[in-house]
Amino acid sequence: MHTQDLLAADTGMGAVTLRVADLDTMVTYYRDGVGLSVLTIAGGTAVLGRGTTPIVILEHAPAMRHAAPHEAGLFHTAILFDTQADLAAALYSVATKYPRTFTGSADHLVSNAFYFTDPEGNGVELYWDRDRTEWSWTHGMVDMATIYVDPNAFVQEHLTQDALEAAASRPGRVGHVHLSVGDVATAKAFYVDRLGFATTAAMGDQALFVSAGGYHHHMAMNTWNSRGAGRRQQALGLGLVRIEVPGADDLGALVSRMHDTGVQTADDGRTVAFEDPWANRIEVTAPGRG
């Protein structure tokens with residue numbers, strides 16, 4: 001793939017929008033459990049984040065149905081913390097207040113990660129990255145694994161009172177977004193060949209990991225629960241994935257690639273929006289546009 005066909009190296013992920021049936025319950029989970037602060041709440045929409053950075057946007061949609069277990073959509077929203085102490089504080093908070101939502105943990109070599117399912121079935125990953133100098137690459141693919149991490153031992157080793165008390169004001173952001181899709185080949189054709197991410201890891205026809213700028217992954221797609229899934233119908237769960245590129249020129253290059261490969265986009269002057277093959281909505285923004 002030519003360099004001009006790739007997303008800019010400084011590309012990152014923005015807040016993930018979730019459509020929810022019970023706004024109060026979901027706000028409480030992400031605020032009191034995960035340790036996010038409520039940045040704004042009005043008109044049935046709550047924006048939660050860390051510091052001033054939005055991470056999760058909850059849209060009240062009580063009339064919508066829950067998606068079936070094997071449909072395409074969100075696998076998890078992955079929240080990245082700057083320090084192990086910050087991660088330990090979030091882990092301790094969720095595990096203490098919502099212990100039944102814990103689903104697993106892993107040392108991925110590039111990161112330590114802990115997994116949860118929120119009260120409406122949306123996956124949540126809380127993680128911390130090792131320094132990039134500690135990552136290993138083989139033939140252009142990052143070396144990742146899944147090694148058990150004892151969550152209790154992690155908390156005992158890294159939790160500090162300062163991190164716990166200042167949690168909502170400490171840094172944090174969406175590090176990556178992982179989707180459930182119908183098949184990996186179609187996901188690669190869209191997210192790599194059209195959108196412009198680079199492949200960083202793959203698990204046969206089961207999972208694909210992609211990124212910009214040599215990150216381990218900004219997005220991932222798997223078929224573990226959703227093989228063969230078609231386009232999504234309107235339902236609770238994932239509402240919007242946001243990608244942030246560094247500048248207007250980068251956004252313009254993206255739009256040109258999408259048009260050249262037959263992907264329809266909508267541009268309101270601030271964001272460029274489109275759908276992936278499973279009708280997951282993606283919005284791309286650049287600072288200072290609009």
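Biologist: In which sense do β6 and β9 pair?
Modeller: In this predicted model, local features need a pLDDT of at least 70 and side-chain atom pairs count only at pLDDT 80 or more, whereas totals for chains, interfaces and linings use all residues. Strands are DSSP runs of E with at least two residues, numbered from the N terminus, and two of them pair if DSSP finds at least two bridges between them. Between β6 and β9 there are 5 bridges, and within this pairing T77 stands opposite V124 in β9. The sense in which β6 and β9 pair is parallel.

Biologist: Which residue of β12 stands opposite H76?
Modeller: Residues are numbered from 1 along each chain as its sequence is written, and side-chain values use heavy atoms, with hydrogens and water left out. Strand β6, residues 73-81, pairs with strand β12, residues 172-180, over 8 bridges in the antiparallel sense. Across this pairing, the residue of β12 that faces H76 is H178.

Biologist: Which strands stand at the edges of the open sheet?
Modeller: The sheet has 8 strands with mixed pairing, and their order is β7-β8-β9-β6-β12-β15-β14-β13. An edge strand has a single partner, so one of its sides is left without a neighbour in the sheet. The strands in that position are β7 (102-107) and β13 (198-203).

Biologist: Which residue in the turn between β8 and β9 has a positive phi?
Modeller: The two strands run antiparallel and are joined by 7 bridges, one of which sets F114 against its partner L126 in β9. They form a hairpin with 5 residues between them. In that turn, the residue with a positive phi, about 90 degrees, is G121.

Biologist: How many residues of β9 are buried?
Modeller: A residue counts as buried when its relative accessible area is under 20%, with a 1.4 Å probe and protein chains only. In a regular strand, side chains alternate between the two faces of the sheet. In β9, G123, E125, Y127 and D129 point one way while V124, L126 and W128 point the other way, and all are buried. The strand is therefore mostly covered, and its count of buried residues is 7 of 7.

Biologist: What phi does G204 take in the hairpin of β13 and β14?
Modeller: Strand β14, residues 207-211, runs antiparallel to β13 and is joined to it by 5 bridges. Here M203 stands opposite A207 in β14, and 3 residues lie between the strands. In this hairpin G204 takes a positive phi near 55 degrees.

Biologist: What distance does helix α2 reach from its first C-alpha to its last?
Modeller: Helices are DSSP runs of H or I with at least four residues, and the expected span is 1.5 Å times one less than the number of residues. Helix α2 covers residues 84-97, which is 14 residues, and its reach is close to the 20 Å expected. From first C-alpha to last, helix α2 reaches 20 Å.

Biologist: What relative accessible area does L91 have?
Modeller: L91 lies in helix α2, whose buried residues include A85, L87, A88, L91 and V94. In sequence L91 is 11 residues from F102, while in space the two are 9.2 Å apart, C-alpha to C-alpha. L91 counts as buried because its relative accessible area is 2%.

Definitions and conventions:
Buried < 20%, exposed > 50% of the residue type's maximum accessible area, 1.4 Å probe, protein only.
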